[in-house]
Amino acid sequence: HSPMTCSKGRVSQHQKKGPFEMEYQMKRLPSERLATQKILSVIGDCLDNFGPGCVSVQKILNARCPLVKFSHQPTGFQCDLSVSNSIAIRSSELLYIYGCLDSRVRALVFSVRCWARVHGLTNSVPGTWITNFSLTMMVMFFLQKRSPPIIPTLDQLKELADEKDKHIIGGYDCSFVSDLSKIKPTENTETLDVLLGDFFEYFGNFDFRKNSINLRKGKEVNKPESTPLYIWNPFEQDLNISKNVNQPQLEKFVAMARESAWILQKEDKTQQLTNKEPWGLAALLVPFGKSSPSKMRNRMKGLGSETIRSLLDSLRLTNANSLQKTVGK
């Protein structure tokens, strides 16, 4: 009887239990991508019909990396499932390492992602908006840019890697240190409220026309392509993880970031407490322009006309004409 290759690469012998042997193989398909799509389609159907606690199953098979999205009701987790995508696993491990280095990392990511969801900057279905992964990478980049940095660059993590951390996947170097004790703790003592406000100010004034975001270097570099938002894939360096984002969605993000920075800088906490108005992060988790359109008009002075048009569309303000006249003064 013939040997069978196990998942870890070792070879073991069949135990012969009868006169017949069965070998399970996929039918021949034109491409590996098509095979991946068919596998995920079947898995998606199984999760939808038989997966305990699995709800809102979405099969997104035409993405660059086909995947199945679903919610796990008992835990409340939002899950992405893909196959034959080892680089995605390394990306998840990298984010786990960053999250373990400093308690502010996860708190800031969570806050920014909640903020983005409230204002319609992210969406649960594919489209031209910023994804949660891109948004998370923007937070990581911002934390690398602090003085002193709160988290190291990916190149710095690679320099600390030893032999067991070496991973080459599809020709891409995905190596970085896994032993947290080798990473020097940050000396940065900035509080979360300062970081949140500076995050909005930083990206509200970021030169997206010229610069891209590179976590390997921890600095802005010239965009290699003319896409509105360019965030380098941390491992597949020839890919832009935010290529789906169009200009109106980017302008909406910039406008919301500027508005949020303004709220955090100008708010009068004493008066807000007296009037029982939300303040701090809570003030950012209320859709802008709905509770007080007049305040919104005053704060939007100075934004470019393209950004204003995008913001008007996104918020569907009924008094669009009066807003444009106010900004034009």
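Tutor: Let's start with a term: a salt bridge is a side-chain nitrogen of Lys or Arg within 4 Å of a carboxyl oxygen of Asp or Glu. The model is predicted: local features need pLDDT of at least 70, side-chain atom pairs count only at pLDDT 80 or more, and totals for chains, interfaces and linings use all residues. Residues are numbered from 1 along each chain as its sequence is written, and side-chain values use heavy atoms, leaving out hydrogens and water.

Student: Okay, how many salt bridges does that rule give?

Tutor: Side chains of opposite charge can pair when their charged atoms come close. Apply the rule here, and the count comes to 15.

Student: What helices and strands does the chain have?

Tutor: Both are DSSP runs numbered from the N terminus: helices are H or I with at least four residues, strands are E with at least two. Counted that way, the chain has twelve helices and nine strands.

Student: How much of the chain is buried?

Tutor: Buried means under 20% relative accessible area, exposed means over 50%, and partly exposed is in between (1.4 Å probe, protein chains only). Of the 329 residues in the chain, the buried share is 40%.

Student: Which residue is the bridge partner of Ile213 in strand 9?

Tutor: Two strands pair if DSSP finds at least two bridges between them. Strand 8 (residues 211–214) and strand 9 (residues 219–222) have four bridges, in the antiparallel sense. Across that pairing, the strand 9 partner of Ile213 is Glu220.

Student: Asp155 and Lys217 form a salt bridge. How many residues apart in sequence are the parts they tie together?

Tutor: Their closest N and O atoms are 3.3 Å apart. Asp155 sits in helix 5 (residues 154–159), while Lys217 is in the loop between strand 8 and strand 9, so the separation in sequence is 62 residues.

Student: Is Asp80 buried or exposed?

Tutor: Asp80 forms a salt bridge with Lys69, with 3.0 Å between the closest N and O atoms. Lys69 counts as partly exposed at 24% relative accessibility. With a relative accessible area of 52%, Asp80 is exposed.

Student: Which residues join Asp162 in one network?

Tutor: Lys182 and Asp162 meet in a salt bridge at 3.0 Å, N to O. Both partners sit in loops, 20 residues apart. Through salt bridges with shared partners, Asp162 is joined into one network with Lys164, Asp165 and Lys182.
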